[in-house]
Amino acid sequence: MEKSLRKGREAKKALRSAPISEEQNPIKPGLTGGYYKPLSDSDVKKLYDLSLSALAEVGIGLAPKSGIDYMTKVGAILGDDGRLRFPKSLVEDMIALSNREITLFGREEKFDMHLSGKKVFFGTAGAAVHLVDIEKKEYRDSTSLDLYNAAQITHELDNIHFFQRVMVARDITDNFEMDLNTLYACCGGTTKHVGTSFSEPSHIKKCLDFLHLVAGDEKKWRERPFVSNSNCFVVPPMKFATESCEAMERCIQGGMPILLLSAGQAGATAPAPIALTIVQAVAECLAGVVYVNSIKPGHPSIFGTWPFVSDLRTGAMSGGSGEQSLLTSGCAQMHHFLGLPGGAAAGIADSKLPDMQAGWEQGISNTMAGLAGLNLVYESAGMHASLLGFSLESLILGNDILGQVQRCVKGIEVDDTMVNLDVIKSVCLDGPEHYLGHEQTLELMQKEYIYPDLADRSSPKEWLENEKPDLIKNTISKKKEILNRRNGKPLFTNDIDKKVRENFKIYL
């Protein structure tokens, strides 16, 4: 009897684990959120009006001369104090010129992300300087190979939809070679959309040459730009970052989408009140909207209000806090009010290892961001130590977390096929008085429910029978299996890889 029960359990588990078609999968990239709103409609309007006032009265300092020329030409006002101020009418004209729906392309069409409304996509980001060695419980300097491995693993994870650079290649000392090899590692590891930054504007031309080689030629690149520029064009509070602005101008001219990233830290480089931090972030990003559209109206850009939180006892960043979750969710509402594609950070763990603390920090903030309808959720998996460390194992575990998050975003379906009293009647009046083997139950096992790859849902008895499976050990095995299967081979044709290596110094 016990053997037959165990076989029955194993058969059901095998059925749940069997591959399912894309149509059957209950979660897909771009599910619609927006159910959670920490701000009332009147709050949102008030914060928007304050953002406009901040731009008109305080303005943004330290614009490069090229930026001043672009923005004053469309109506920005350069004051005697060197600050650019933006009349309300100018800002709203530039919002109207902005591209309201953009597609971030993958090198494969199946990975394209169409950003509009409250569609939600999850991905990575960050500039961690350490890799977390889970087995030794140590932090070490991150390398180009670590970055490449992260991209390879992300390519295999269905619930992580894009790959923005997660680590700094600290084994490369030359800044240009680091920028170029960062692109190589990211694009060689995955054909999902890639995000990166550039340390100097002068590096961009040759990096674009690399991307043209990968795309086939410049025309093909411009038709489907599969890399976006993550650009910290402002240094909070309310100052432009000269070199980043110049890099942004060159990326726009090169046809690359721009993430307009404002990353103030509440209580340090942004005001302590959460609401006022949102005001500053929105004001700074609206200045970016003016900047971009003064150069090329409608150029694809992402409204990257990306404020962080300080632990005010120490001044240290606390990316895994409840306040961070509220900040990110409130920013999502501002994006919706403006009607602009937006992104922000969630999923950051302050914990140093993938433990229970990391689980709640990642789970809560990602769920709130998803339910708020944030278009692009950056840093959603793998990030530890308040962005200082990245874990390949945590990236894999994050895929499980994001599966559950997306199931929450999808919500509850209420239609005649799901809500039908005939099912209850047949079971209670005519049937076995349970739903375990019912036709509807079997049909919905995969369509209505999702199952984790690594999390353990067995009973204590089964857990003992299975020799007490260890989550971290199983995740390490999964990491090794993915990397061994890829066998280090980049996702370029041999011909393209040969041309790249002939033209550029590649470290991998």
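How many nonpolar, polar and charged residues does the lining of the largest cavity have? By class, the lining has 5 nonpolar, 3 polar and no charged residues. This is a predicted model.

**Cavities**

The structure holds 3 cavities of 30 Å³ or more. The largest has a volume of about 50 Å³. Its lining includes Ser98, Asn99, Val289 and Leu340. Strand β14 (residues 301-305) gives the largest share of that lining, 3 residues.

**Salt bridges**

Side chains of opposite charge can pair when their charged atoms come close. A search of the whole structure finds 19 salt bridges. The table shows some of them.

| Salt bridge | Closest N and O atoms |
|---|---|
| Asp112 with Arg224 | 2.7 Å apart |
| Arg222 with Glu218 | 3.0 Å apart |
| Lys479 with Glu393 | 2.8 Å apart |

Asp112 forms a salt bridge with Arg224. This pair links distant parts of the chain, 112 residues apart. Asp112 sits in the loop between β4 (102-104) and β5 (113-115), and Arg224 in the loop between α8 (218-223) and β11 (227-231). Asp112 is partly exposed, at 23% relative accessible area. Arg224 is partly exposed too, at 26%.

Arg222 and Glu218 both lie in helix α8. They are 4 residues apart, about one turn of the helix. Arg222 is partly exposed at 38% relative accessibility, and Glu218 is partly exposed at 38%.

Lys479 forms a salt bridge with Glu393. The pair links helix α17 (residues 471-486) to helix α13 (residues 392-410), across 86 residues. Lys479 counts as buried because its relative accessible area, 13%, is under 20%. Glu393 is also buried, at 2%. Elsewhere, salt bridges that share partners join Glu156, Glu481 and Arg485 into one network.

Terms used:
Residues numbered from 1 in each chain as written. Predicted model: local features only at pLDDT ≥ 70, side-chain atom pairs only at ≥ 80, totals over all residues. Heavy atoms only, no water. 1 Å grid on protein atoms, 1.4 Å probe; cavity = no way out; pocket = protein on both sides within 12 Å on 5 of 7 lines; lining within 4 Å. Points joined across faces, edges and corners; volume = space filled by probe spheres on them. Helix = DSSP H or I, 4+ residues; strand = E, 2+ residues; numbered from the N terminus. Nonpolar A, V, L, I, M, F, W, Y, C, P; charged D, E, K, R; others polar. Salt bridge = Lys/Arg side-chain N within 4 Å of Asp/Glu carboxyl O. Buried < 20%, exposed > 50% of the residue type's maximum accessible area, 1.4 Å probe, protein only.
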